[in-house]
Amino acid sequence: MEFDLLLVNARIADVFRYRLFDGWIGIRDGRFIAVEAGSAPPGIHAAETRDLAGRIVMPGLIDSHLHIESSLLTPRRFAEAVLPYGTTTILSDPHEVGNVAGEKGVKWMIAASQDLPLRIYHSIPSCVPATSPEIEWTHEVFDAATIRRLARQPSVIALGEVMDYRGLLGPNERLRAIVRTARENNLLIEGHIPTLAGIELSQYLAHGISSDHTLTFAEKIQEQISKGLAVMLQTKSVTPENMAAVAQLPDRSRIILITDDIEPSLLIDGHLSRIVALAINCGMPPLEAIAAATIRPARYLGLRDHGAIAPGCLADFLVMDDIAAFPPAQVFVDGQRVAGAGAMDRAIMRENPAQPDYPGIPASFAADDFKLDSKGASGSARAQVVALQDRHSTLTQLEETAVCLQDGHALFQADDGLALASVIARDKSARTVGLIANTGLRQGAFASSVAHDCHNLLVIGRSPEAMAVAANAVHALDGGVAVATREGVIASLPLPYFGLLSDEPVAAVASGLAAVEDAMRRIGAHQTRPFLTFSIMSLSVSPYAKFTDKGIVDTESRQLIQPFCPVDETVL
């Protein structure tokens, strides 16, 4: 019997029976051919034999829901970052680039993901825009015809998370047609279900939704499992309480570990491996945690030859000193070593495709561009405020507060906890300025062309003058992030691909983002992850109130709200 690669003296991770056994493995043409207990018998020949001396062989990790763009990296740089930590396959939803550059942007992401050692499958963004053109501006509006065309692209296997859950339940016929078209093209349909339960959840799932990855808790897990969903646990949902609830399920095969959004600073020392380690620390048995990041996502995605050390499966595997001792000693894809000991064996040299045309970043801002819409009035007013609820999440509530105005500008008190938030459409066709509470900002401003999911220009600050400085700096970068005071920029990060991505190595991008977050903290931001928190203040499907270029959005009712309360003599 002939093999390309023979592994002997291995401890093999069996993700079907949650066990380790001593054995040997034969690989030919990039697939496992023999996976057997004991010692290799006489008569076995191989071009290469590796004695693993008792090390563990386990499947490569599979991340079944993520957005590459959240890493701020191009696909090739993302691959270089995650392969050394054992991720060998992903399903990427490029809805960030889709919102900025439309169908051509999605095709760019697909093309940039081909011929890499990381296996990258794609879902087609379902919500471009995240809600509707009446609520926020986006470069293109995806419809059923867009889905039909993109479904023919290589590596497309799913429709991306249907974030506009209220729209699917209600009057959004464009979204309903998108979902019907996805089903007709045999695409997996991903969900996004932060608040639905009971009959509303059932109605949403009846459209063919297959998963949810939003923040969860024990009762939510139980209902979703009973209604047939794959329940995906990202960092914020991997808690001891949830692990205890999962342990009580008689069938845990639809509990899956994912990353969703992960910043470059977190990629420096892990990827899906971080979630696996966290799940183990929170009480999930180690081999089950490995299964939740290998065979379970493979089965969910319909990738029957992925996710296991088994005959006929693709030879994507990790050689480990211990079951959760990341980074792996060695990482193999198609039976070929690509990384080891936390580093790529070689850099990925392929060129990125040329970027398509897309709207650039607005420019030439002045302090008066960040006036509240009060018709230039002065005096006292009752204003609507989007209030962050704590330092660790992006949950917001709509509140009312008194604000003092002078010529349309808010006059802040030292301890009022208020700041200005503005979203400007990339084509400058619309803008809004409103109030946000509990950012921690004491001075200065933050501006970013990374503003989920529309990625219009987002500016948050205490000083209109600093807001103008920061916004103009993002334009000068050709996209990116800037933190400024009235005197000038104190930190910035260029993101020249779509205003979202860098083609620099992950260490350089992580360093740049760390400098931005340090600067954010110096002007008062107190969130656990300040860049991510601020960038989600424009996510129009994130509970319960956010900003778009058209106004403040009540994300449950999908209603636009004006910045001032509708009372008589609002501005005195």
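## Largest pocket

In this predicted model, helix α10 supplies 3 residues to the lining of the largest pocket, the largest share. The helices that each give at least two residues to that lining are α2 (95–112), α10 (272–281) and α15 (530–535). The volume of the largest pocket is about 1100 Å³. Its lining comprises 41 residues, and those closest to the pocket centre are Leu 215, Gln 234, Lys 236, Thr 394 and Ile 536. By class, the lining of the largest pocket is made up of 15 nonpolar, 16 polar and 10 charged residues.

## Cavities

The whole structure contains 2 cavities of 30 Å³ or more.

Around it are Glu 69, Ser 70, Leu 72, Glu 263, Val 450, His 452, Phe 531, Leu 532 and Ser 535. This lining divides into 4 nonpolar, 3 polar and 2 charged residues. His 452, one of the lining residues, is joined to Asp 453 by a cis peptide bond, with omega about -10°. Asp 453 itself lies in the loop between β23 and β24 (457–461).

In soluble globular proteins, nonpolar side chains tend to be buried together. Here the largest nonpolar core has 114 residues, and Phe 32, Met 58, Phe 78, Ile 255, Leu 257, Phe 317 and Phe 498 have the most contacts inside it. Another core lies apart from it and has 33 residues, including Ala 130, Phe 142, Leu 150 and Leu 159.

Phe 78, named among the core residues with the most contacts, belongs to helix α1, where it is buried along with Pro 75, Arg 76, Arg 77, Ala 79, Glu 80, Ala 81 and Val 82. Helix α1 (residues 75–82) is thus mostly covered, with 8 of its 8 residues buried.

## Aromatic pairs and charges over rings

There are 9 aromatic pairs in the structure. Phe 317 and Phe 332 make a stacked pair, with 4.4 Å from centre to centre and 5° between the planes. Because Phe 317 is in strand β14 (residues 317–320) and Phe 332 is in strand β15 (residues 330–333), this pair ties together parts that are 15 residues apart in sequence. Phe 317 and Phe 332 are both buried. For Phe 365 and Phe 370, the ring centres are 5.9 Å apart and the planes stand at 35°, so the pair is tilted. Phe 365 is buried because its relative accessibility is 7%, and Phe 370 is buried with a relative accessible area of 0%.

Trp 108, Tyr 358, Tyr 497 and Phe 498 are linked into a cluster by ring pairs. Two charged side chains also sit over rings: Lys 428 lies over the face of Phe 365, 4.9 Å from the ring centre, and the charged end of Arg 558 is placed over the ring of Tyr 165, 5.4 Å from its centre.

## Backbone features in loops

Between β14 and β15, the loop contains Pro 327. The peptide bond leading from Phe 326 to Pro 327 is cis, and its omega is near 0°.

Ala 341 has a positive phi, near 55°, although it is a residue other than glycine. Ala 341 is in the loop between β16 (336–340) and β17 (343–344), and it counts as exposed because its relative accessibility is 65%. Phe 498 also has a positive phi, about 65°, and is not a glycine. The position of Phe 498 is in the loop between β26 (488–494) and α14 (506–522). Its relative accessibility is 0%, so Phe 498 counts as buried.

## Phe 446

Phe 446 lies in strand β23 (residues 445–448). With a relative accessible area of 1%, Phe 446 is buried. Its C-alpha atom is separated by 14 Å from that of Leu 435, a residue 11 positions away along the chain.

Technical notes: Residues are numbered from 1 along each chain as its sequence is written. This is a predicted model: local features need pLDDT of at least 70, side-chain atom pairs count only at pLDDT 80 or more; totals for chains, interfaces and linings use all residues. Side-chain values use heavy atoms; hydrogens and water are left out. A nonpolar core is a set of buried Ala, Val, Leu, Ile, Met, Phe, Trp, Tyr and Cys residues joined through side-chain atoms within 4.5 Å. Buried means under 20% relative accessible area, exposed over 50%, partly exposed in between (1.4 Å probe, protein chains only). Rings of Phe, Tyr and Trp (its six-membered ring) pair if their centres lie within 6.5 Å; planes under 30 degrees apart count as stacked, over 60 as edge-to-face and the rest as tilted. Helices (H or I, at least four residues) and strands (E, at least two) are DSSP runs, numbered from the N terminus. A charge sits over a ring if NZ of Lys or CZ of Arg is within 6 Å of the ring centre and within 35 degrees of the ring normal. On a 1 Å grid over the protein atoms alone, a cavity is a set of points where a 1.4 Å probe fits but cannot get out, and a pocket is an open set with protein on both sides within 12 Å along at least five of seven lines; lining residues have an atom within 4 Å of a point. Grid points are joined across faces, edges and corners, and a volume is the space filled by probe spheres set on the points. Ala, Val, Leu, Ile, Met, Phe, Trp, Tyr, Cys and Pro count as nonpolar, Asp, Glu, Lys and Arg as charged, and the others, Gly among them, as polar.
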